[in-house]
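Visitor: I would like to take a close look at a single part of this protein, with someone to lead me through it step by step. Could you keep to one region and connect its pieces as you go?

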Amino acid sequence: MPPRGRPPHPSRARSRTAAPAIPSAPEPTESRKLFRVAGLSAVSALFTHEPERVERLFFDERLKPAVGAFCKAMAAARKPYRMVEADELAKVAGTVLHGGVVALMAPRTLPLFDTEAARRATEPLLILDGVGNPHNLGAILRTAAFFGLPRVLVSDHPGQALPSEAAYRVAEGGFEWVALERAPALPAVLKRLRASHRVFGTALDQTRPTVDAGALTGWRGKQGAKPPAVVLGNEEDGIPPATLAACEAVLTIPGSGRVQSLNVAATAAILIHALAAG
């Protein structure tokens, strides 16, 4: 079983309890500085990829068997960790939906998307332009990780959701497996990207010819074929006009007609499957 705090000093090795390494919950100022990642899947992915980013670790008794390796890593790094009661863990997490474990880390900064590097990588891309709900962002990253899509871009749209504690919770570790990058001035980025990718915008645009998700497959292994890049907008207003104008083609998902459209995360799941299949 993992200890409740740092390993005791050798001279106190037989002591029944160790002094708590940290306060039961972070101070308000600390809560603003550190980013809370909750749930075993998300915390496990964080320790797999970037354990050095974890500054503090909290867990409840039922998760003790599952977090032993995390505690060893924290002890080796001389960083605090602690088992706490369920109500105390909810205070640390800021929600009762914590899954029994919470890691605190410094927030990430999103790197800029490199168009030239993308040309050399020849990989498909999913681009989000105004997807504002953090739960949708988290669900999209989870799906991208599941199907092995390596990269997702977000625009500088003022309504675009960015990594948040809510998004991390829904992503179930997806943020650790998918490169999330910023693509400011997206219409200009798309115009440059068209040299190496076939750029699609998802929209209900009756004035332009449309294709379905089948257009995203069949390009792998074909001489001169370009990988696809697909832009998704928000559910209320869709893709901004300037972004849509920079796309080469409009993509739709045909349905029964009983409802007009899908939730953006559901739409993304269909498209990500096609992108990953190639």
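Visitor: Before we turn to the open sheet of four strands, what percentage of the contacts in the chain with a separation of 6 or more is accounted for by residues 24 or more positions apart?

Guide: In this predicted model, residues 24 or more positions apart account for 85% of the contacts in the chain with a separation of 6 or more. The chain has 278 residues, of which 46% are buried, and its secondary structure comes to 10 helices and 11 strands.

Four of the strands form the open sheet you asked about, and their order across it is 1-4-2-3, with mixed pairing. Strand 1, residues 35–38, and strand 3, residues 81–83, stand at the edges, and because each has a single partner strand, one side of each is left without a neighbour in the sheet. From one strand to the next, the twist averages 15°.

Helix 3, residues 68–76, touches strand 2 and strand 3, and its direction makes about 140° with that of strand 2. Helix 4, residues 86–93, touches strand 1, strand 2, strand 3 and strand 4, while its direction makes about 30° with that of strand 4.

Helix 2, residues 40–49, deserves a careful look as well, for Ala42, Val43, Ala45, Leu46 and Phe47 in this helix are buried. In a residue-by-residue view, "buried" stands for under 20% relative accessible area. The buried residues of helix 2 pack against strand 1, strand 2 and strand 4, and also against helix 3 and helix 7, residues 165–171. To read such a helix, remember that an α-helix has 3.6 residues a turn, so residues three or four places apart point the same way.

For the chain as a whole, the accessible surface comes to about 14200 Å², of which 53% belongs to carbon and sulfur atoms.

Terms used
Residues numbered from 1 in each chain as written. Predicted model: local features only at pLDDT ≥ 70, side-chain atom pairs only at ≥ 80, totals over all residues. Heavy atoms only, no water. Pairing = 2+ DSSP bridges. Helix = DSSP H or I, 4+ residues; strand = E, 2+ residues; numbered from the N terminus. Axes fitted to C-alpha atoms, helices over the stretch in contact; angles between N-to-C directions. Contact = heavy atoms within 4.5 Å. Buried < 20%, exposed > 50% of the residue type's maximum accessible area, 1.4 Å probe, protein only. Areas by Shrake-Rupley, 256 points an atom, 1.4 Å probe, with all protein chains shown as cover.
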